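Subject: Structure for your review

Dear colleague,

Please find below the structure that I am handing over to you. My findings follow directly after it.

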Amino acid sequence: MTKRIAIVTDSTADLPPQRAQELGITIIPLTINFGLAFKAVYEKLLAEYDSIISIHISSGLSGTINAALTAKEMVAGEIHVVDSKSVSLGIGLIVLEAREMVEQGLAANEIVAQLDRVCQNTEVLFTLDTLEYLHKGGRIGKVAAVMGSLLNIKPIVRVVDGIYIPAGKARRQEQALQEIVNQFENLARGRKIKRLVVAHGAAEPAAARLANKLYQVLNQEPEMLMAVGPVIGVHTGPGTVGAAMLLN
């Protein structure tokens, strides 16, 4: 007997592997051949499931969505490919919501329709030690406009409509963390925070401080504090600290 809906994402979602396994979420690593890997995963899952919802890193930051769409055309079955328009644990929050909707008994097309709202209500902010890695990766987006003025400055970046935009700057990391908290407080004003997570690139002490600051202001403890994976880390560099939240 086949199961109902399989949830798929890629390793840029930075979900803890154990949690993903417990929830039955399939994670495709982006260190292997995109097209063949997606095709193999889809074929295997469709032998067990009626349909697949495949949620991936923003098309404005990666070509992963194109690989998923190509694989979809090569496989017979119901596959919904969703552009998260987000990155790292922002994707993770969207994936967790999709899994929750599966548990609630919603049909795949109903979940996909609701995920559009979920994506719009997901906020991601992070600070970097340097913009050098984003620049080298070629995915710097509108942040490039402020590069010249950021020597010895900690930039703050927000993900909006699937791309990076400048959201502020600070002279010290601690000030940058506080600015992230301030912006989250403003974004959440008058709304309920459903999920809150913190991520970092080789900066766990700073991530712990950010988690504490968020708790003090938002009265909500982050449900995850994770190191970003190598795919995201190579583009942001060491010293990256950020958070994602899902608003109702």
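In this predicted model, helix H7 (residues 173–188) packs against helix H8 (residues 204–218) at an angle of about 35 degrees, and their axes lie 10 Å apart. Helices (H or I, at least four residues) and strands (E, at least two) are DSSP runs, numbered from the N terminus. Axes are lines fitted to C-alpha atoms, for helices over the stretch in contact, and angles run from 0 to 180 degrees between N-to-C directions. The crossing of H7 and H8 is right-handed; a crossing is right-handed if the near helix is turned clockwise from the far one by less than a right angle, and left-handed if anticlockwise. Among the residues that make the contact are Leu 177, Ile 180, Val 181 and Phe 184 of H7, together with Leu 210, Leu 214 and Val 217 of H8. Contact means heavy atoms within 4.5 Å. By class, this contact has 9 nonpolar, 2 polar and 4 charged residues. Ala, Val, Leu, Ile, Met, Phe, Trp, Tyr, Cys and Pro count as nonpolar, Asp, Glu, Lys and Arg as charged, and the others, Gly among them, as polar.

Two notes on the basis of these values are needed. Residues are numbered from 1 along each chain as its sequence is written, and side-chain values use heavy atoms, with hydrogens and water left out. As the model is predicted, local features need pLDDT of at least 70 and side-chain atom pairs count only at pLDDT 80 or more, while totals for chains, interfaces and linings use all residues.

The chain as a whole comes to 9 helices and 10 strands. Of its 248 residues, 51% are buried, where buried means under 20% relative accessible area, exposed over 50%, and partly exposed in between (1.4 Å probe, protein chains only).

I turn next to the sheets. An open sheet of 6 strands has the order E7-E6-E5-E10-E8-E9, with mixed pairing; two strands pair if DSSP finds at least two bridges between them. Strands of a sheet pair through backbone hydrogen bonds, either parallel or antiparallel. Strand E7 (163–170) and strand E9 (224–227) stand at the edges with a single partner strand each, so one side of each has no neighbour in the sheet. From one strand to the next, the twist averages 20 degrees. Strand E6 (residues 154–160) runs antiparallel to E7 and is joined to E7 by 7 bridges. Lys 154 stands opposite Ala 170 in E7, and Val 159 stands opposite Tyr 164 in E7. The hairpin of E6 and E7 has 2 residues between the strands, and Asp 161 takes a positive phi near 50 degrees there.

The other sheet described here is open, with 4 strands in the order E2-E1-E3-E4 and parallel pairing. Its edges are strand E2 (25–28) and strand E4 (78–83); each has a single partner strand, so one side of each is left without a neighbour in the sheet. The twist in this sheet averages 25 degrees from one strand to the next. E3 and E4 pair over 6 bridges, and Ser 51 has Glu 78 of E4 as its bridge partner. Helix H3 (residues 64–74) packs on this sheet, touching E1, E3 and E4, and its direction makes about 170 degrees with that of E4. H5 also touches E1, E3 and E4, but its direction makes about 0 degrees with that of E4.

H5 (residues 108–120) also packs with helix H4 (residues 89–103), at an angle of about 145 degrees and with the axes 10 Å apart. This crossing is right-handed. Among the residues in the contact are Ile 94 and Met 101 of H4 and Ile 111 and Leu 115 of H5.

Which residues have the most contacts inside the largest nonpolar core? They are Ile 7, Ile 53, Ile 55, Val 87, Ile 111 and Leu 115, in a core of 40 residues. A nonpolar core is a set of buried Ala, Val, Leu, Ile, Met, Phe, Trp, Tyr and Cys residues joined through side-chain atoms within 4.5 Å. H4 gives the largest share of this core, 9 residues. Apart from it lies another core, of 24 residues, among them Ala 170 and Phe 184.

Yours sincerely
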